[in-house]
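Here is a friendly walk through a two-chain model, meant to be read with the viewer open. Take a look at the sequence and structure first, and then we can go through the parts together.

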Amino acid sequence: MNILTKGDKYLIILIIVISLVSLFYTKNSAFNVDEKYISIQVDGKEIKRIIFDKKLIGKTIPIKTEFGYNLIEIGDEKVRVIEADCPDQLDVKQGYISKTGEIIVCLPNRLVIEIKGIKDERDVDYISH
Amino acid sequence: MKGLKKLIFLSLLVSLGLALSVIESMMPIPFVAPGAKLGLSNIVILITMVLFGFKEALIVGILKSFVFILVTGSVSSLFYSLSGSILSLFTMYLVFTKFSKVFSLIGVSIFGAIAHNFAQILVASLMMKNFRIFSYYPILMLTSLFTGYFVGLASIYIVRNLKKHMKIHFY
């Protein structure tokens, strides 16, 4: 008895290829920026910007808004959520993020923690003569 | 199947989907992909679509989402589950009616799972006003491949049995 049709098999292979390629692409495009900062956004608005610093390692930042409470810990060039009052605790389970473009999302509290590259913000590139 | 019998059968399907969602929400989430779910209640919607049709499946899906809010109490998740199930139903119906020669129910449910994830990420990024969330989509796509496969496999067996028994009891 053959349940999988030919179309199914092609579909599965196609999806594996697409997702692996795009995974590779998003991972790769995140690498080429060296200066990074943490952008903390609540409900779409950026409320805090933190540039990584050796002095800040181990520092915790409480984020208390009308949507909920999260406690963020900064490590060596990485950041994570260690406490949250949301029911699923997905943001805590995710652990550290360190690369540009990586994000931690806490949907119930409308919190997004994103690592951004400083170069992204510049409108004009350097002009060299 | 008509009238009262259909009504009862559809409400049974709604409650079955609800029970599956509740069980699913109790399950621990795999570490690799936070936010990924098994999509067990998708089995119910897929079966309804195959046995009854598009309209009935839409009703079951929407009712299930609404009653699930009453169970869990988180209203903000309504948008995610509602948008996900509606878009996945549209996709599944399209694939099922147009390409049922090419894809079995497994393919149909994989399409549904991918559309479901797409709708949820879209709603999430609109709510957060941050389209970077889409960078998470490839991982969800890979997991939806596995969950879609097993949902489709389960639906194939269930549909086969239900078709056999419904002929005897209802027609």
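How many residues of chain B are in contact with chain A, and how many of chain A with chain B?

## Where the chains meet

In this predicted model, the contact between the chains involves 25 residues of chain B and 26 residues of chain A. On the chain B side, two helices, α5 (105-128) and α6 (137-170), each supply at least two of the residues that touch chain A. The biggest giver is α6(B), with seven residues.

What is the make-up of this side of chain B by class? Sorted that way, the side of chain B that touches chain A has 16 nonpolar, seven polar and two charged residues.

## Chain A in outline

Chain A has two helices and seven strands. Along the sequence these elements follow the pattern α-β-β-β-β-β-α-β-β. The chain has 129 residues, of which 22% count as buried. For contacts in chain A with a separation of 6 or more, residues 24 or more positions apart account for 37%.

Is Leu111(A) buried or exposed? With 26 other C-beta atoms within 10 Å, Leu111(A) is buried, because the cut-off for a buried residue is 20 or more. Neighbours within four places in sequence aside, Leu111(A) is in contact with Val42(A), Ile63(A), Asn70(A) and Cys106(A). Gly44(A) lies 67 residues from Leu111(A) in sequence, yet their C-alpha atoms are 8.2 Å apart in space.

## Chain B in outline

The secondary structure of chain B comes to six helices and zero strands, so from the N terminus on its elements read α-α-α-α-α-α. Buried residues make up 40% of the 171 residues in this chain. Among the contacts in chain B between residues at least 6 apart in sequence, 70% join residues at least 24 apart.

## Helix α1 of chain B and its partners

Helix α1(B) has 24 residues and spans 35 Å from its first C-alpha to its last, close to the 34 Å expected at 1.5 Å a residue. Its buried residues are Leu13(B), Val14(B), Gly17(B), Leu18(B) and Ser21(B). Which helices do the buried residues of α1(B) pack against? They pack against α2 (41-51) and α3 of chain B.

Take α3 to begin with. Helix α1 (residues 3-26) and helix α3 (residues 54-72) of chain B pack at an angle of about 45°, with their axes 9 Å apart. That angle makes α1(B) oblique to α3(B), and the crossing is right-handed. On the α1(B) side the contact includes Leu10(B), Leu13(B), Val14(B) and Gly17(B), while the α3(B) side includes Glu56(B), Ile59(B), Val60(B) and Leu63(B). The residues of this contact divide into eleven nonpolar, four polar and two charged.

Now for α2. Here α1(B) and α2(B) pack at an angle of about 160°, with their axes 7 Å apart, which makes α1(B) roughly antiparallel to α2(B). Leu13(B), Leu16(B), Gly17(B), Leu20(B) and Ser21(B) in α1(B) meet Ser41(B), Val44(B), Ile45(B) and Thr48(B) in α2(B). By class, this contact has five nonpolar, four polar and no charged residues.

## Helix α5 of chain B

Helix α5(B) has 24 residues and reaches 34 Å from its first C-alpha to its last, close to the 34 Å expected at 1.5 Å a residue. Why is α5(B) described as largely enclosed by the rest of the structure? The reason is that 19 of its 24 residues are buried. Just after this helix, Lys129(B) takes a positive phi of about 55°.

Helix α4 (residues 77-98) of chain B packs with α5(B) at an angle of about 145°, their axes 7 Å apart, and passes it in a right-handed crossing. Among the residues that meet are Phe79(B), Tyr80(B), Ser83(B) and Gly84(B) in α4(B), and Gly107(B), Val108(B), Phe111(B) and Gly112(B) in α5(B). The contact of α4(B) with α5(B) divides into 13 nonpolar, ten polar and no charged residues.

Note on methods: Residues numbered from 1 in each chain as written. Chains lettered and ligands numbered in written order. Predicted model: local features only at pLDDT ≥ 70, side-chain atom pairs only at ≥ 80, totals over all residues. Contact = placed C-beta atoms within 7 Å. Helix = DSSP H or I, 4+ residues; strand = E, 2+ residues; numbered from the N terminus. Nonpolar A, V, L, I, M, F, W, Y, C, P; charged D, E, K, R; others polar. Axes fitted to C-alpha atoms, helices over the stretch in contact; angles between N-to-C directions. Parallel < 35°, antiparallel > 145°, perpendicular 65-115°, else oblique. Left-handed = near helix turned anticlockwise from the far one by under 90°. Expected span 1.5 Å × (residues − 1). Buried ≥ 20, exposed ≤ 12 C-beta atoms within 10 Å, placed from the backbone.
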